[in-house]
Amino acid sequence: MTLLNAAITGVQGWVPEDVLTNKDLEGMVETNDEWIRSRTGIVERRILKGENKATSDMAVHAVEALLKKTGTRKDEVELVVFATVTPDMVMPDTANTLCDKLGLKNAYGFDLKAACSGFIYALTVGAQFIQTGMHKKVIVVGADKMSSIIDYTDRATCIIFGDGCGAVMLEPTEEAVGVRDSVLKGDGSGRQFLRIEAGGSLKPASAETVENRSHFVFQDGRPVFKSAVRGMIGAIKELLERNNLSKDDIQWLIPHQANKRIINSVADGMDFPREKVTVNIHKYGNTTAGTIPLCMWEWEDRFKKGDNIVLTAFGGGFTWGAVLIKWAYGE
Ligand code: UT7
């Protein structure tokens, strides 16, 4: 079977307007602005406030604008792949809710859960539907309302995460651009270091799980940090090698935004110039599945057609990987 090329033809982000600063956090847990800045690079993050506001509401804003920007009619969208660890509900999938809220009558969708690697997994999955010729318009969303699963009495996690969303449109093209290759990895033994223990089939919600705060994110940061640096460098090297590319052939590196020190270690470990690495963690913190499309959205104007762009992520699972894209538009 001849595969088509799956081009990203548009990208759009959306973040809530409410800001949670390091100073605000100083009043909530024992921490300080200097520690947070120097250990993570984060200055502030966005929080989705308001009753009945969920992850799908952020995606509604992003996808509405994406449709407009790409000149896509709602009835043309065939599939929505939605990466998130903060679905509106355990069931049904947030992708279904999004299609309903937006009136995407000819689309179906499903959620994909790979924590901070969610967007690169979802992009790879979405691209397959284009490459095989099954669909002509696929939307891939990365969105998380992390504030709904963060314990704001736990300084090890509450300083890191924020809420945000990004989405891309995938379409077939005859040009050799788009999603070119993906190296995706997993290691389930990493679940001991980063997890939400309760609310699944192992520990269904009970008075005890609520009392033990087991519905919130738990993270043992140091081992995650080390594995993240090692994992992302390994995935990028494998990706470049099998595509016969050197680091000098790459115009942009878009890493998951978990910690500025991790981002710098990956760039330095690859001997990759830091000015070619997208960083907006200071503004949004770690928005889990949202970080990479939010970076793509903010750097979109600087990308040129034909640029080789590498996306890389590491997160809960453990899950990690790297994706090679040839940018499809821009002068
Ligand atoms: O995106 C998904 C994947 N996640 C990641 O990639 C995150 C990876 N991990 C990290 O980014 C870092 O490990 C953290 C930012 C979570 C923590 O930074 P760290 O440099 O690894 O700090 P640490 O956990 O080793 O703690 C160092 C010290 C400890 O004090 P002692 O034991 O040395 O006295 C902590 O208790 O800093 C203390 N500490 C804090 N102090 C002020 C921990 N959190 C805070 C805080 N404010 N918020």
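Student: What covers the buried residues of helix 9?
Tutor: This is a predicted model. In it, the cover includes helix 8 (221–242) and strand 11 (252–255).

Student: And which residues of helix 9 are buried?
Tutor: Helix 9 spans residues 260–269. Its buried residues are Ile262, Ile263, Asn264, Val266 and Ala267.

Student: Why would residues three or four places apart point the same way?
Tutor: An α-helix has 3.6 residues a turn, so residues at that spacing point the same way.

Student: What happens at the start of helix 9?
Tutor: Asn259 reaches in there. A side-chain oxygen of Asn259 comes to within 2.7 Å of the backbone nitrogen of Arg261.

Student: And what follows helix 9?
Tutor: Asp271 does, with a positive phi, near 55°.

Student: Switching to the core. Which residues touch the most other members of the largest nonpolar core?
Tutor: Ile236, Leu253, Ile262, Val266, Val277, Val310 and Phe314. That core has 43 residues. Helix 8, helix 9, strand 12 (308–315) and strand 13 (319–326) each supply at least two of its residues.

Student: Which element gives the most?
Tutor: Helix 8, with 9 residues.

Student: Where does this core lie relative to the domains?
Tutor: Between them, because domain 1 (5–176) and domain 2 (180–326) both give residues to this core.

Student: What does Ile236 touch?
Tutor: Leaving out residues up to four places away in sequence, Ile236 touches Leu253, Val266, Met270, Val310, Thr312 and Ala322.

Student: Now the rings. How many aromatic pairs are there?
Tutor: A search of the whole structure gives 6. One of them is Phe303 with Trp327, and that pair is edge-to-face, because the ring centres are 4.9 Å apart and the planes are at 70°.

Student: Which parts does that pair tie together?
Tutor: Phe303 sits in the loop between helix 11 (291–299) and strand 12, and Trp327 in the segment after strand 13, so the pair joins parts 24 residues apart in sequence.

Student: Is Phe303 buried or exposed?
Tutor: Buried, at a relative accessible area of 1%. Trp327 also counts as buried, at 1% relative accessibility. The cut-off for buried is under 20%.

Student: What else is Phe303 in contact with?
Tutor: Beyond its neighbours within four places in sequence, its contacts include Trp252, Ile254, Met296 and Ile309. Tyr329 and Gly330 are also among them.

Student: Which rings form a cluster?
Tutor: Phe193, Phe314, Phe318 and Trp320 are linked by ring pairs.

Student: Last topic, the ligand. How many residues surround it?
Tutor: 22 residues do. The closest are Thr31, Arg39, Arg222, Asn259 and Asn286. Asn259 is also the residue at the start of helix 9.

Student: Which polar side-chain atoms lie by an oxygen atom of the ligand, and at what distance?
Tutor: One from Asn286 lies 2.7 Å from a ligand oxygen atom. For Arg39 the distance to a ligand oxygen atom is 2.8 Å. For Trp35 the distance is 3.4 Å.

Definitions and conventions. Residues are numbered from 1 along each chain as its sequence is written. This is a predicted model: local features need pLDDT of at least 70, side-chain atom pairs count only at pLDDT 80 or more; totals for chains, interfaces and linings use all residues. Side-chain values use heavy atoms; hydrogens and water are left out. Buried means under 20% relative accessible area, exposed over 50%, partly exposed in between (1.4 Å probe, protein chains only). Helices (H or I, at least four residues) and strands (E, at least two) are DSSP runs, numbered from the N terminus. Contact means heavy atoms within 4.5 Å. A polar contact is a pair of N or O atoms within 3.5 Å; within protein, one must be able to donate a hydrogen and the other to accept it, and residues adjacent in sequence count only if both atoms are side-chain atoms. A nonpolar core is a set of buried Ala, Val, Leu, Ile, Met, Phe, Trp, Tyr and Cys residues joined through side-chain atoms within 4.5 Å. Domain bounds come from an automatic or database domain assignment. Rings of Phe, Tyr and Trp (its six-membered ring) pair if their centres lie within 6.5 Å; planes under 30 degrees apart count as stacked, over 60 as edge-to-face and the rest as tilted. A residue is near a molecule or strand if one of its heavy atoms lies within 4 Å of it.
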